[in-house]
Amino acid sequence: METDKEKSLPEKSPSFSSRNESNKNENPCDDHDQSPESQNNPQPSEPTAANPETENAVEEQPTDVEDSSSPLPPDLNTLSEEIDQFISALSSSNPDHESEPPEVPESLGQFAVLVEAKVANYDSGDGPPVRWTQLTDEDSSTFVEAVERVSKLSTLLRKFSSEPKYASSMNRIGGIFQRAMSYVEEEFRSLVEDYKIPDSSDDNTNDAKSKHSSSNQDPDQCAMPESDPGTMSENIFPGYSDEVVTNLNRLVKVMISGGHEAECCQVYFISRRNALEDCLHSLGFDKFSIDDVQKMHWESLEREIVAWIRTYKQFAAVVFPRERNLTATVFSDALSASISESLFGSLSRGVMIQLLNFAEALTMTKRSAEKLFKFLDIYETLHGLIPTMDGLFPNECVEELKSEASMTRCRLGEAMICIFCELENSIKSDAGKTPVPGGAVHPLTRYTMNYLKYACEYKDTLEQVFKEHKKIERADSATRSDYDCNSSQGQMEESQSPFELQITKVMDLLDSNLEGKSKLYKDPSLSLVFLMNNGRYILQKIKGSTEINSLMGDPWCRKRSSDLRSYHKNYVRETWGRLLHCLNHEGLNVNGKVVKPVLKERFKSFNAMFDEIHKAQSTWVVSDEQLQSELRVSISAVVIPAYRSFMGRFSQYLTPGRQSEKYIKYQPEDIETYIDELFDGNATPMGKRRL
């Protein structure tokens with residue numbers, strides 16, 4: 001009979017073990033789950049689950065097992081109904097009133113034993129606990145319901161702490177509740193810490209879809225990726241399956257209803273903070289202090305800025321929305337809705353401040369022109385995110401984050417203003433005394449124009465930066481003095497945007513610098529070639545860029561073209577006018593006769609001067625093919641007709657033969673050939689070529 005009775009126990013309570021059966025005797029509340037007959041039997045003192053004597057003591061209770069008429073112990077569902085009635089009665093009672101509170105039902109002790117056995121079965125302490133994910137839906141539901149009842153009992157019984165009849169039950173229920181909550185908290189921690197960092201490459205496709213589908217949207221807005229219904233269940237929660245999130249939600253409800261809200265939030269916050277840190281790292285962004293940033297070489301900082309931009313956009317478009325959805329789902333309960341917003345606010349704020357601190361640290365580094373474009377990239381990234389922040393972050397932190405982001409953006413703007421000032425200073429200070437060989441385009445011209453061309457690709461952003469800092473710019477008297485010197489210039493300023501004024505100022509400084517450098521050449525013709533080369537390079541860069549061309553305007557381009565024509569005309573007159581003077585008819589005729597010695601000297605002077613010009617100017621450099629062609633054409637148009645005419649009229653006065661060959665060194669076709677060799681930058685002696 002004893003064996004049959006023991007075999008029937010597991011059928012009623014699948015979670016029981018022989019060790020759990022012995023746990024009946026661990027608390028004074030055990031007397032409520034025993035039959036009246038067994039209450040009179042002596043019990044061994046302080047039995048434990050691991051004590052064999054305890055098991056023997058249970059077997060030696062003949063009254064408990066030998067009475068074949070004793071009913072089987074009630075199951076947890078049956079006891080739960082009675083416990084709910086007791087909970088309802090306790091809730092209706094008021095410890096401050098004189099009315100007698102309800103009596104402790106006999107089922108309370110039995111309920112305590114069953115719940116304690118269930119908890120002990122999951123978390124025995126002798127081996128690894130039963131993981132929450134190993135439980136069936138029925139087991140987990142039953143456990144949650146039981147713990148919730150224990151939680152309610154513990155709370156209500158504490159209200160009647162002055163009642164002696166509740167003392168034993170209160171201690172027993174309290175102990176079970178603490179052990180259950182310890183298990184729940186540990187399982188919650190285990191689940192929430194078992195996350196997987198999503199592969200950032202998985203989101204690249206979504207980002208590409210987003211960019212493609214949002215091509216008609218405001219470019220200043222950060223596009224949120226559209227969710228593909230087919231992959232929503234896989235990507236909606238960062239690093240967790242739907243099943244895990246459901247379990248987290250159930251455990252959260254148990255912990256919060258049981259008064260363990262602080263522990264629950266702390267576990268969740270620490271775990272998700274670590275997950276977000278891992279996500280930052282997986283995207284290539286590392287945390288640096290302000291000192292670290294200021295000590296880094298620019299090449300290293302450039303790589304970090306690229307990682308920062310990628311990370312910032314990924315968090316704004318993907319990570320933050322998913323993290324908010326995860327937190328809202330895990331804490332989806334009327335009691336925990338505000339907790340969800342608070343937790344996500346703290347998590348997102350921590351990441352945002354870390355990202356903004358890096359951007360702000362960059363503004364404290366030494367100013368240099370090369371940093372402008374990366375600063376612009378960061379500025380545009382911030383500018384694009386700020387308008388979306390209201391829908392991205394909770395109300396409790398959104399204003400703070402918007403303010404921080406706006407402040408960082410403003411500091412980046414100030415840094416960019418300073419960078420343009422550095423560009424101005426670098427042009428002013430470039431006072432090298434060594435002229436560029438061959439009158440070629442000066443490196444300063446190439447650098448400045450390429451810099452402005454790339455800067456103007458950010459035209460709209462820089463327009464905004466300079467407008468926002470217009471007051472600061474006007475307050476700087478040193479930079480404004482050149483513009484405010486007369487009323488007409490002041491009126492021009494009013495018609496130009498601040499950024500347009502800045503570009504114009506840089507161009508004026510460059511022109512002034514090049515004018516000074518042209519004076520380094522001893523040969524006036526080479527000086528003019530230098531001005532033509534640099535002027536043409538500048539004009540081509542302006543016309544080749546829609547953005548900078550729109551800033552400078554057609555009037556500026558027309559003036560620049562006019563200046564180039566003037567340089568060209570002066571060059572032809574300065575160089576080839578002297579040569580044409582040798583072909584002057586004046587002094588050749590005396591009394592109607594050609595003076596041969598004078599004629600011979602004219603041919604001789606022409607040959608020597610042309611040789612000298614060719615030798616010098618074939619080493620000069622005109623890299624712009626169009627300008628090179630224009631110069632050669634204009635030289636040929638001036639020299640060849642004059643030479644052919646002079647030859648045709650006076651060559652007959654020279655004796656044919658050796659004398660003719662001696663003084664008529666070039667035929668018109670030779671002159672044209674040698675003109676076409678000018679400005680190549682690599683001359684070959686004419687004597688060798690003629691051989």
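Predicted model: local features only at pLDDT ≥ 70, side-chain atom pairs only at ≥ 80, totals over all residues.
Two residues are in contact here when heavy atoms of one lie within 4.5 Å of the other's.

Phe420 has contacts with Leu372, Leu452, Ala455, Leu462, Phe466, Phe499, Gln502 and Ile503, leaving aside residues up to four places away in sequence. Phe420 also belongs to the largest nonpolar core, a set of 180 residues, where Trp308, Phe393, Phe420 and Tyr571 touch the most other members. Helix H16, residues 337-363, supplies the largest share of this core, with 13 residues.

Next comes a threonine. Thr461 sits in helix H21, which spans residues 459-468. Is Thr461 buried or exposed? Its relative accessible area is 12%, and because buried means under 20%, Thr461 counts as buried. Apart from residues up to four places away in sequence, Thr461 touches Leu376, Tyr379 and Glu380.

Now for the protein chain as a whole, which has 32 helices and two strands. The table gathers some percentages for this chain.

| Quantity for the protein chain | Value |
|---|---|
| Buried share of the 691 residues | 47% |
| Share joining residues at least 24 apart, among contacts between residues at least 6 apart in sequence | 80% |
| Share of accessible surface belonging to carbon and sulfur atoms | 48% |

Notes: Residues numbered from 1 in each chain as written. Heavy atoms only, no water. Helix = DSSP H or I, 4+ residues; strand = E, 2+ residues; numbered from the N terminus. Buried < 20%, exposed > 50% of the residue type's maximum accessible area, 1.4 Å probe, protein only. Areas by Shrake-Rupley, 256 points an atom, 1.4 Å probe, with all protein chains shown as cover. Core = buried A, V, L, I, M, F, W, Y, C linked by side-chain atoms within 4.5 Å.
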